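Here are a few notes to read alongside the model. Please keep the 3D view open as you go.

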Amino acid sequence: MKRIVVCGAGGFIGGHLIKRLKSEGNWVRGADLEFPEFAPTQADDFIIGDLRDDRLCKEVFDGFFDEVYQLAADMGGAGFVFTGNHDATIMHNSALCNLNVLEACRVRNIKRIFYSSSACVYPERNQLDPDNPLCSEESAYPANPDSDYGWEKLFSERLYLAYSRNHNMEVRIARLHNIFGEEGTWTGGREKSPAALCRKIAEAKVGDAIEIWGDGKQTRSFLHVSECVEGILRLMRSDWEGPVNIGSEEMLTINHLARMIMDIAGKQLNIRHIDGPLGVRGRNSDNRLLRQMLSWAPDMSLRDGLEITYPWIRDQVEAAKNQNIEVIHRNVKPDTKTWFTPTSLAK
Ligand code: NAD
């Protein structure tokens with residue numbers, strides 16, 4: 001049994017990761033601004049607090065831990081990270097979490113730490129052609145991500161690698177590509193395209209049109225969260241220290257993604273293309289290094305992942321309707337999240 005800390009334990013991937021770590025018999029402490037939204041945490045211990053505060057980090061890492069998974073970040077889908085309206089907040093909040101968590105681990109002599117980077121680190125110039133994006137790991141340099149979210153991820157990758165070199169820490173860095181699944185954000189402005197499309201399709205009546213940002217010909221790949229967790233654990237237990245992609249290589253257009261979800265929902269709807277924040281024109285995971293270093297790559301099809309995810313989102317939509325809860329469609333989450341003061345710090 002290992003003693004493990006998961007930062008960002010109230011979030012989508014953190015919640016799934018904790019379930020898996022617990023199923024393997026580990027003792028897990030979670031830390032986050034808030035508890036998970038959709039299911040009770042399975043962590044043995046959960047600290048509600050703000051990792052931007054180094055005093056809180058000292059409380060979180062108050063003893064020996066075998067592994068740390070750092071997933072806390074101020075993040076969301078295109079409607080949050082590509083508008084430009086949240087750049088300062090994203091960079092400030094996420095960089096502070098990374099600086100504090102890493103330093104607290106160093107002080108406590110905790111050696112093995114996982115960092116969740118992103119496909120958003122890749123330069124825009126290699127993602128202009130929707131049919132041939134280049135996202136091999138070494139292509140991240142010379143750097144030119146198309147968002148400040150991506151620049152912060154790149155800075156933090158370098159921070160983790162510097163701690164590894166200078167302080168003898170064993171860091172593991174995954175560049176995650178569009179993770180989706182049940183218990184993920186599906187409304188409120190931070191949801192990503194698979195969840196947003198599932199929600200729009202679940203809400204639509206026959207004859208309605210759903211809205212898609214841009215012409216829908218932009219390409220992406222999407223990985224189910226169960227495969228993401230599998231990849232994170234395999235990476236953590238491997239010897240490979242450089243950043244590595246964890247994503248699906250099943251690339252398709254957003255229009256195609258919408259049609260696939262409509263098919264699963266049994267609803268044929270019209271599509272209306274509107275202006276909106278888009279991100280790069282094409283992106284796909286390149287899993288060559290992953291296969292080489294871990295002798296593994298995800299193989300669940302997008303369709304299989306959506307067959308699990310769509311019914312979960314449809315049920316959320318139905319439950320919200322039945323309880324007369326307003327489904328909020330806007331570009332910011334309530335401020336409580338950003339400015340929460342943990343009770344432990346109010347002492
Ligand atoms: P999420 O938003 O569901 O989870 C992040 C969690 O971090 C949230 O619960 C949030 O409350 C917490 N957090 C934010 N600021 C904090 C603070 N100051 N103190 C304590 N907790 C704080 O996101 P996710 O989808 O689970 O993503 C997890 C990680 O993976 C993030 O670092 C994200 O950037 C990265 N990532 C995710 C994807 C994806 O498609 N989901 C893709 C690439 C990278």
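1. Let's begin at the ligand: one of its oxygen atoms has a backbone N or O atom of Gly11 3.1 Å away. Phe12 has a polar backbone atom 2.9 Å from an oxygen atom of the ligand, and for Ile179 the corresponding distance is 2.7 Å. These are polar contacts, meaning pairs of N or O atoms within 3.5 Å.

2. How much of the ligand does the protein bury? Taken alone, the ligand exposes 820 Å², and the protein buries 95% of that (accessible areas by the Shrake-Rupley method with a 1.4 Å probe).

3. A word on the source: this is a predicted model, where local features need pLDDT of at least 70, side-chain atom pairs count only at pLDDT 80 or more, and totals for chains, interfaces and linings use all residues. Residues are numbered from 1 along each chain as its sequence is written, and side-chain values use heavy atoms, with hydrogens and water left out.

4. Now the shell: 26 residues surround the ligand, each with a heavy atom within 4 Å of it. The closest are Ile13, Asp32, Tyr149, Lys153 and Ile179. Helix H1 (12-23), strand E5 (112-118) and helix H5 (148-167) are the elements giving two or more residues, and E5 gives the most, with 3. Helices (H or I, at least four residues) and strands (E, at least two) are DSSP runs, numbered from the N terminus.

5. Finally, look at helix H4 (residues 87-107): its 21 residues reach 30 Å from first C-alpha to last, close to the 30 Å expected at 1.5 Å a residue (1.5 Å times one less than the number of residues). Asn109, which follows H4, has a positive phi, near 60°.

Terms used:
A polar contact is a pair of N or O atoms within 3.5 Å; within protein, one must be able to donate a hydrogen and the other to accept it, and residues adjacent in sequence count only if both atoms are side-chain atoms.
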